[in-house]
Amino acid sequence: TRQIMTPESVQMIRDIQNTLENNPYYPNLCLAKSPTDSSCEGALTFTSFLSPQPSQQEINAVLSKASVEPLFVQAKVFFENSWGPEYLNPRWARSIYRFGMPIDDGKKRYDSSTDDFDGQEEYYLDFLDDVQPDLVDMGGDLMDVYFFSYEWWGLVFRRTMLSDMLWILAGILFGLVYMMIHTRSVVFPLLGLLQVVASVPIAFFLYRVVMQVIMFNMLNLLAIFVVLGVAADDFFIFMDVWKHSGTIPSLKDDLESRVAYSHRIATRAMLLSTTVAFFAFISTTISELAPITAFGLFSANLVLVNFLLTITFLPACAVIHARFMQKRASKTQKEVTKVPQDVEKNAPINTEEVGLAVEDNPAP
């Protein structure tokens with residue numbers, strides 16, 4: 001196990017701190033010592049209790065002294081919870097930097113912390129974005145370097161969500177292409193996608209208005225992957241039954257009977273898979289973790305709404321599409337049967353055929 005409190009590690013920590021403090025953004029962001037003194041207040045770090053080049057003996061002595069009252073309460077913030085008189089070799093140590101507003105970025109001086117808050121926050125995030133690669137790479141084999149702030153966490157989270165959304169779009173595109181190949185249609189896959197999109201606001205209405213659940217965290221967005229999978233299953237079940245009903249002689253010419261047959265058979269199959277998924281998500285409500293419970297409730301609503309739309313919206317679309325295709329086929333048939341009549345009326349006279357007819361039937 002690597003030791004964090006050695007002369008080499010202490011020097012590395014100080015080098016990392018110097019890298020952060022020498023960043024051009026830092027003087028404009030650091031917390032000032034006082035309203036009249038704009039110089040930066042130093043970091044809260046355990047290395048401030050050590051000499052510039054401490055020996056291992058000095059480090060151990062300072063750690064031992066800091067592990068007892070009254071210094072223990074102040075020193076424990078720099079190490080993990082297990083650190084204390086009986087365990088003086090911490091596995092990690094941290095330094096705390098404090099930043100303040102309003103800032104002066106050299107181009108604009110803000111009057112207060114609320115003056116263009118978004119602009120000041122953006123400047124702070126630019127600082128973190130700029131210094132992060134240097135800090136992470138400095139540890140080398142000696143130590144691992146991490147840093148955290150709520151604003152930086154939010155930025156990383158938004159970037160991660162954006163990249164994940166690209167994967168969602170790729171999954172939707174792949175599903176559309178596969179459904180178009182399977183159904184040999186462009187219309188039905190697009191209608192299936194419209195059904196999935198429509199299920200989200202309806203499920204959210206049930207979740208927020210009917211169930212009165214206020215919490216909606218980013219974990220709930222993962223339910224989109226769930227409903228995509230469930231919706232694809234239901235779509236293929238209905239379309240396979242619908243295509244099969246068109247091959248049954250007693251049903252293919254009776255649209256009403258064909259829809260009733262397809263609806264009855266497909267609903268039975270979809271109900272089984274929907275019930276399993278629905279109660280699987282409902283079972284998460286027994287969790288003591290509120291985000292897990294919220295995710296389960298929202299996902300269960302999505303599965304239920306998608307099922308109801310599949311057994312109502314999709315059959316209606318199938319009927320409209322079938323009637324449109326029948327009308328189109330009937331119109332095409334009329335045009336085909338009309339062409340020979342027009343050709344017969346407007347056909348030019350073939351003089352060679354007329355001449356042959358005269359020779360074959362000479363006048364008496």
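## Starting at Phe313

Phe313 is partly exposed, with a relative accessible area of 27%; buried means under 20% relative accessible area, exposed over 50%, and partly exposed in between, with a 1.4 Å probe and protein chains only. The model is predicted, so local features need pLDDT of at least 70 and side-chain atom pairs count only at pLDDT 80 or more, while totals for chains, interfaces and linings use all residues. Residues are numbered from 1 along each chain as its sequence is written, and side-chain values use heavy atoms, with hydrogens and water left out.

Phe313 has its place in helix H11 (residues 313-346). Helices (H or I, at least four residues) and strands (E, at least two) are DSSP runs, numbered from the N terminus. Which residues does Phe313 touch, leaving aside its neighbours within four places in sequence? They are Leu191, Leu194 and Gln195, where contact means heavy atoms within 4.5 Å. Leu191 is 122 residues away from Phe313 along the chain, yet their C-alpha atoms are separated by 8.9 Å.

## The chain as a whole

The chain has 12 helices and 2 strands. Along the sequence, the pattern reads α-α-β-β-α-α-α-α-α-α-α-α-α-α. Of its 364 residues, 32% count as buried. Among contacts between residues at least 6 apart in sequence, 63% join residues at least 24 apart.

At 1.5 Å a residue, the 15 residues of H1 should span 21 Å, and the end C-alpha atoms of H1 are 21 Å apart, which agrees; the expected span is 1.5 Å times one less than the number of residues. Buried residues in H1 include Val10, Ile13 and Leu20, along with Arg14 and Gln17. The buried residues of H1 pack against H2, H3 and H5.

Now turn to helix H3 (residues 56-66), where the buried residues are Ile59, Val62, Leu63 and Ala66. They cover an arc of only 100° around the axis, which puts them on the same side of H3; the arc is that of the directions from the helix axis to the C-beta atoms. An α-helix has 3.6 residues a turn, so residues three or four places apart point the same way. On the other side of H3, Gln57 and Lys65 are exposed. The cover over the buried residues of H3 includes helix H1 (7-21) and helix H4 (72-75).

## The nonpolar cores

A nonpolar core is a set of buried Ala, Val, Leu, Ile, Met, Phe, Trp, Tyr and Cys residues joined through side-chain atoms within 4.5 Å. The largest such core has 36 residues, and those with the most contacts inside it are Met5, Phe46, Leu63, Phe79, Trp83, Phe127 and Met143. At least two residues of this core come from each of H1, helix H2 (26-29), H3, H4, helix H5 (117-138) and helix H6 (150-183). H5 gives the most to this core, with 7 residues. Apart from this core lies another, of 20 residues, among them Val227, Ala277, Phe295 and Val303.

Phe46 shows how parts of the chain meet. Leaving aside its neighbours within four places in sequence, Phe46 is in contact with Met5, Val62, Leu63, Ala66, Phe78 and Phe79.

## A hairpin and a disulfide

S1 and S2 run antiparallel and are joined by 2 bridges; strands pair if DSSP finds at least two bridges between them. The hairpin from S1 to S2 passes through 2 residues. Ala32 has Cys40 in S2 as its bridge partner.

Which residue is joined to Cys30 by a disulfide? The partner is Cys40, with S to S 1.8 Å; a disulfide is a pair of cysteine sulfur atoms within 2.5 Å. The link of Cys30 and Cys40 is left-handed, with -70° about the S-S bond. Cys30 lies in the loop between H2 and strand S1 (32-34) and Cys40 in strand S2 (residues 37-40), so the pair ties together parts that are 10 residues apart in sequence. Cys30 is buried at 9% relative accessible area, whereas Cys40 is partly exposed at 26%.

## Backbone details in loops

The peptide bond from Met101 to Pro102 is cis, with omega near 5°, and Pro102 is found in the loop between H4 and H5.
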